[in-house]
Amino acid sequence: MKFFVDTADVNEIRDLAETGLVDGVTTNPSLVAKSDRDFSEVVREICGIVDGPVSAEVTATQAAAMVEEARKLTRIAGNVAIKVPLTWEGLKACRALTQEGTMVNVTLCFSANQALLAAKAGATFISPFVGRLDDIGEDGMDLIRDIRTIYDNYDALNTQILTASIRSDEHVKQAALAGSDVATVPPAVLRGLSEHPLTDKGLKAFLADWEKTGQTIL
Ligand code: E4P
């Protein structure tokens with residue numbers, strides 16, 4: 001499973017990218033607003049740090065205007081993926097943009113039927129929001145499993161499942177178990193994946209025993 005980082009914070013992205021674990025980045029208008037920076041500049045900077053797809057979301061609501069915005073955003077760098085909302089207009093824009101060779105991430109997906117439409121519209125990525133489904137009392141991961149089954153049923157559907165709205169390490173594990181192609185993860189959750197109390201305890205004990213030997217490696 002690929003890891004994308006779900007943030008518009010350039011410093012966080014730079015730091016995490018040093019591990020080599022970052023396969024891409026997703027942003028959305030709320031994350032850009034939080035960064036309090038110029039959208040195009042932020043996208044340009046992120047694309048200079050990460051080689052993989054960097055999602056930048058359009059804010060128009062009509063297909064023709066979405067396509068115009070997308071063309072401006074894709075001129076920023078070759079690895080920009082355009083995010084369009086899962087609306088009828090967004091699906092039309094998705095089809096037009098994929099025909100131009102642009103990577104498209106169809107976002108705000110909350111049902112398997114929506115994911116089916118996005119794949120038929122040629123989406124590169126579909127972004128089902130698991131955390132927001134959990135918020136309303138559903139099991140967001142059921143949606144990932146359903147989409148996986150549907151896409152695997154048809155060779156013609158090549159859209160990658162990009163599990164989004166991830167809130168916990170359990171979400172990451174469940175996404176991987178469900179066969180999600182990508183998980184987009186907030187920086188704090190990504191860092192937390194490396195942690196386990198027994199790792200800390202074990203390391204402490206190893207270092208204490210090593211100290212007793214009086215040796216050094218270098
Ligand atoms: C993904 O592309 C979205 O930007 C993001 O995962 C939404 O997460 P949230 O529901 O925690 O805002």
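**View 1. Residues around the ligand in the predicted model.** The ligand is surrounded by Asp-6, Thr-26, Asn-28, Lys-83, Phe-129, Arg-132, Ala-164, Ser-165, Arg-167 and Thr-184, where a residue counts as near if one of its heavy atoms lies within 4 Å. This is a predicted model, in which local features need pLDDT of at least 70 and side-chain atom pairs count only at pLDDT 80 or more, while totals for chains, interfaces and linings use all residues. Residues are numbered from 1 along each chain as its sequence is written, and side-chain values use heavy atoms, with hydrogens and water left out. The shell around the ligand holds two nonpolar, four polar and four charged residues (Ala, Val, Leu, Ile, Met, Phe, Trp, Tyr, Cys and Pro count as nonpolar; Asp, Glu, Lys and Arg as charged; the others, Gly among them, as polar).

View 2. A polar contact is a pair of N or O atoms within 3.5 Å. A polar side-chain atom of Asp-6 is 2.7 Å from a ligand oxygen atom. For Lys-83, an N or O atom of the side chain lies 2.6 Å from an oxygen atom of the ligand. For Arg-132, the distance from a side-chain N or O atom to a ligand oxygen atom is 2.6 Å. The protein covers 85% of the 340 Å² of accessible area that the ligand has on its own (Shrake-Rupley method, 1.4 Å probe).

**View 3. The largest pocket.** The ligand takes up the space of the largest pocket (more than half of its atoms lie within 2 Å of the grid points). A pocket is an open set of points on a 1 Å grid over the protein atoms alone, where a 1.4 Å probe fits, with protein on both sides within 12 Å along at least five of seven lines; lining residues have an atom within 4 Å of a point. The volume of the largest pocket is about 450 Å³.

Terms used. A polar contact is a pair of N or O atoms within 3.5 Å; within protein, one must be able to donate a hydrogen and the other to accept it, and residues adjacent in sequence count only if both atoms are side-chain atoms. Grid points are joined across faces, edges and corners, and a volume is the space filled by probe spheres set on the points.
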